[in-house]
Amino acid sequence: MQFTAQEISLLLNGTVEGDDAVTVDKLAKIEDGTTGSLSFLANPKYEQFLYTTDASVVIINNDQQLTAPVKATLIRVANAYSAFSILLERYNTIKLNKKGIEQPCFIHPSAQVGNDVYIGAFAYIGPGAKVGDNSKIYPNTYVADNVTIGKNATLFAGVKIYFDCVLGDNVIIHAGAVIGSDGFGFAPNPDGTYNKISQIGNVIIEDDVEIGANTTIDRATMGSTIIHKGVKIDNLVQIAHNAEVGSHTVIAGQAGISGSTKIGKNAVIGGQVGISGHLDIANGTQLSAQTGINSSITEEGKAWGGTPYMPFKDYLRAHAKLRKLPELDRKVYELEKLIEELRKGDH
Amino acid sequence: MQFTAQEISLLLNGTVEGDDAVTVDKLAKIEDGTTGSLSFLANPKYEQFLYTTDASVVIINNDQQLTAPVKATLIRVANAYSAFSILLERYNTIKLNKKGIEQPCFIHPSAQVGNDVYIGAFAYIGPGAKVGDNSKIYPNTYVADNVTIGKNATLFAGVKIYFDCVLGDNVIIHAGAVIGSDGFGFAPNPDGTYNKISQIGNVIIEDDVEIGANTTIDRATMGSTIIHKGVKIDNLVQIAHNAEVGSHTVIAGQAGISGSTKIGKNAVIGGQVGISGHLDIANGTQLSAQTGINSSITEEGKAWGGTPYMPFKDYLRAHAKLRKLPELDRKVYELEKLIEELRKGDH
Amino acid sequence: MQFTAQEISLLLNGTVEGDDAVTVDKLAKIEDGTTGSLSFLANPKYEQFLYTTDASVVIINNDQQLTAPVKATLIRVANAYSAFSILLERYNTIKLNKKGIEQPCFIHPSAQVGNDVYIGAFAYIGPGAKVGDNSKIYPNTYVADNVTIGKNATLFAGVKIYFDCVLGDNVIIHAGAVIGSDGFGFAPNPDGTYNKISQIGNVIIEDDVEIGANTTIDRATMGSTIIHKGVKIDNLVQIAHNAEVGSHTVIAGQAGISGSTKIGKNAVIGGQVGISGHLDIANGTQLSAQTGINSSITEEGKAWGGTPYMPFKDYLRAHAKLRKLPELDRKVYELEKLIEELRKGDH
């Protein structure tokens with residue numbers, strides 16, 4: 001799709017400087033701009049590119065001073081960064097504006113599908129499942145029996161939702177994620193074999209949650225594994241049975257949360273972090289990448305690092321010394337010799 | 001489905017106290033019980049909930065004393081915990097009792113499919129593949145050429161099995177797991193590029209193995225990557241080419257086992273553990289979460305932790321001191337000064 | 001398929017010693033050889049097996065001396081290892097020699113599909129997508145709108161490629177991998193909630209790249225996440241938005257690379273390594289398994305280990321001492337007491 005500078009300016013309530021008929025058909029960073037691209041300048045650090053960019057149109061702040069000639073058409077707005085964000089979102093909405101039911105797909109007669117949905121080819125909507133209005137189920141996605149999906153949700157290609165799970169409104173689940181697989185529960189027998197403990201609970205994902213590609217969230221043994229409102233989870237994250245993640249917590253890639261652990265609200269969990277089972281992690285906790293947590297954290301809003309974990313500042317200090325441990329060891333050895341000499345001298 | 005207290009009691013060989021006509025249609029923990037739910041009390045710690053629960057029916061031990069009035073109908077049995085486990089399993093069997101062949105699916109004319117199977121829509125059974133009696137192949141699952149799957153196996157949605165792999169009886173594979181992808185084998189050339197080494201082996205998964213969601217198990221370069229009988233593997237685990245996992249070993253989420261490594265029997269591998277290639281890990285080895293193993297372990301039944309690894313007790317002691325390393329460093333510095341003073345005093 | 005020793009010898013330009021009519025139908029390691037299998041001997045360490053193997057045919061070097069009678073038919077060639085590699089590759093080519101379009105699949109009318117391709121059942125080729133000649137799209141794979149795939153590429157079962165991504169020639173992507181999912185970008189609001197930042201860039205995968213099973217590579221916020229020519233990526237690896245991986249770099253299983261980080265050429269990234277965002281990692285860098293990188297590496301070709309990282313040799317030395325930290329702590333305590341005594345003695 002092509003837009004003129006004039007059309008974009010109208011959308012953003014802006015003012016055009018230069019050729020308002022010039023057209024753009026893509027978005028680009030100002031330093032990467034080429035003919036036909038639309039860019040923005042918000043950070044003064046990048047001002048130099050305003051005078052050299054090949055972008056056809058650049059959005060700038062109303063108060064941006066020009067210190068050299070500019071080739072691009074300019075659109076002045078109150079806040080160039082948020083104006084550009086609006087365009088990004090608009091662009092994405094158009095890109096992802098799928099509607100309708102592609103064939104072949106499988107929709108069980110007892111399933112309920114809302115209005116204005118997208119059901120891609122090879123998608124599977126099982127018996128008793130419900131898909132809310134305006135939701136999008138991409139190709140090769142599996143929605144099992146009695147799953148409930150809210151409105152405006154997006155399940156990208158190849159997502160798998162096991163039976164009885166419940167997803168709220170505006171939930172986004174990226175390709176390959178698995179929701180509701182069996183919790184890892186086995187009872188050991190005296191002979192070293194294991195009996196499977198049936199996992200009959202489900203997963204509840206509240207509104208506005210986003211879940212990354214190939215992430216796995218296990219169903220509860222009984223009751224529910226719960227991902228509260230507004231949580232954002234990155235790719236390849238593992239969330240075990242009966243865990244609970246508080247609202248607006250963010251979990252980075254490849255982190256793992258073991259069974260029955262409860263994470264508070266507004267926490268930030270770094271990449272590859274591991275958290276043991278049956279723990280409580282306080283609201284606002286911040287865990288740096290690769291941290292290992294093996295006991296509950298009760299103090300709110302504190303930063304931690306290391307395995308086993310310690311306060312983040314202690315972690316930095318301790319590990320800075322770690323590299324010098326061989327030297328410290330040698331020093332102690334020398335001190336021992338010196339003291340031995342001193343003591344001999346004493347006698 | 002609804003059951004009366006009477007019907008459940010008959011199934012469990014129990015005795016009803018209270019209204020034997022009351023009905024239940026779901027299972028719940030005693031503290032979460034609501035009208036219509038069936039709970040159990042086995043752990044004395046939870047006895048208080050027996051007098052407050054809203055569950056309609058509670059299973060208790062024959063010898064459970066009552067110290068206050070109970071609203072729920074009671075079913076007395078010899079062992080409340082195992083009685084409830086039986087119900088859990090029965091419940092799950094009903095939930096997962098899929099049968100028949102959904103359309104559209106792809107079953108190659110040369111494939112052999114046993115009796116009483118479930119083949120979901122968009123499942124693919126390739127040329128020469130065999131699926132044993134009572135096995136379930138969920139939607140969007142891919143079973144490639146000449147794969148053999150035993151009896152009573154369950155492959156959940158979106159599982160991918162590459163050609164020539166062999167799966168035993170009662171194997172459960174959760175959604176999105178990949179079995180038989182190429183081992184990561186590349187021969188370096190003098191110019192820094194790599195040649196792919198063809199991976200022509202397979203993966204053998206013996207009876208009673210369960211494999212978690214989005215776990216990956218690579219085929220052998222030649223010969224077989226082998227997962228022995230009764231092994232339980234959690235989600236997002238990586239098992240590399242030519243590895244072998246001994247019977248009844250348990251591997252927690254996000255652990256990784258490198259190429260040609262052999263894990264013994266009855267081992268317990270914690271979450272996010274990493275094990276290097278070409279190692280032997282003794283029977284009964286226990287590795288705590290995030291442990292890194294870079295050499296073979298020959299002593300059986302021992303616990304280890306840390307990266308690089310050390311005996312688990314040493315690991316706990318050493319890491320407890322780690323946080324105090326800056327303090328230790330300061331102490332040594334002060335000792336050096338004191339000794340310097342003492343030595344000056346000597347002269 | 002069966003081949004005679006004679007046929008194989010012709011293919012390899014070799015010389016037969018023994019029965020040239022004996023047939024083989026599989027490849028095996030010399031120590032695992034059975035009747036009907038073809039093996040090779042290149043490493044002198046395995047020479048003993050030449051005299052005991054049950055393989056029907058063994059490929060050996062022209063200059064291999066025989067010190068005992070050999071039961072197998074021998075094929076002498078200049079280099080037994082490369083001759084066998086050629087057979088491995090030939091074998092694999094035959095195994096994976098899929099052609100044609102299986103039904104049902106979904107190919108949008110506006111998609112362009114080259115000659116001699118394989119499109120498996122339940123594969124999805126979206127609007128405007130292009131698939132080059134001789135490429136193979138396995139069953140249940142999703143190729144979204146406007147994706148471009150080069151020639152001789154292989155996308156195994158259940159791969160998901162989001163819209164606008166570009167894949168070069170000879171690219172191999174293993175089952176379940178996700179290319180082009182949204183980058184993990186959220187702008188925090190003052191109330192603790194997050195706004196999604198639209199991710200409108202793409203992923204570019206250059207020629208000769210191989211990507212492992214269930215690996216995830218996120219699209220750029222704007223611009224491209226780029227995997228350069230010849231890169232080899234193992235299973236369950238996470239590559240975040242706007243990252244760039246230099247040509248002929250190798251990344252082992254479960255490693256994670258955060259947003260906007262640039263890895264140089266010919267680097268070797270070990271398993272479970274984590275690299276923070278916005279860093280530059282020099283060409284030829286080698287990172288041992290589980291290393292954590294939190295700052296840029298400018299020196300080329302150096303090996304590193306530990307979290308936080310240090311030169312690999314320092315890492316080995318420091319961690320060797322780590323286990324003895326409690327002992328060192330005790331020594332320092334005793335030194336303090338001794339010095340205290342000495343000082344008292346002074347007065």
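Phe122(A) is found in the loop between strand 11 (118–119) and strand 12 (124–125) of chain A, where strands (E, at least two residues) and helices (H or I, at least four residues) are DSSP runs numbered from the N terminus. Although Phe122(A) is not a glycine, its phi is positive, at about 65°. With a relative accessibility of 0%, Phe122(A) counts as buried; buried means under 20% relative accessible area, exposed over 50%, and partly exposed in between (1.4 Å probe, protein chains only). The model is predicted, so that local features need pLDDT of at least 70 and side-chain atom pairs count only at pLDDT 80 or more, while totals for chains, interfaces and linings use all residues. Residues are numbered from 1 along each chain as its sequence is written, chains are lettered from A and ligands numbered from 1 in the order in which they are written, and side-chain values use heavy atoms, with hydrogens and water left out.

A positive phi of about 55° is also found at Asp116(B), which is not a glycine. Asp116(B) lies in the loop between strand 10 (112–113) and strand 11 (118–119) of chain B. In chain B, a cis peptide bond with omega of about 0° joins Gln103(B) and Pro104(B), and Pro104(B) belongs to the loop between strand 8 (100–101) and strand 9 (106–107). In chain C, the peptide bond from Thr307(C) to Pro308(C) is cis, with omega near -10°; Pro308(C) lies in the loop between strand 39 (303–305) and strand 40 (310–311).

Over all chains, the structure holds 41 salt bridges, a salt bridge being a side-chain nitrogen of Lys or Arg within 4 Å of a carboxyl oxygen of Asp or Glu. One of them links the side chains of Asp329(A) and Lys321(C) at 3.0 Å, N to O. Asp329(A) lies in helix 5 (residues 325–346) of chain A and Lys321(C) in helix 4 (residues 312–322) of chain C, so the pair joins two chains. Lys321(C) is partly exposed, at 29% relative accessible area. Within chain B, Glu334(B) and Arg330(B) form a salt bridge of 3.1 Å, N to O. Both residues lie in helix 5 of chain B, four residues apart, about one turn of the helix. Glu334(B) is partly exposed at 35% relative accessibility, as is Arg330(B) at 41%. Asp182(A), Lys196(A) and Glu210(B) are linked in a network of salt bridges.

Chain C can be laid on chain B with an RMSD of 0.2 Å by a turn of 121° and a shift of 0.0 Å along the axis. The two copies are thus related as by a three-fold rotation axis. The superposition is by least squares on the C-alpha atoms of residues with pLDDT of at least 70 in both copies.
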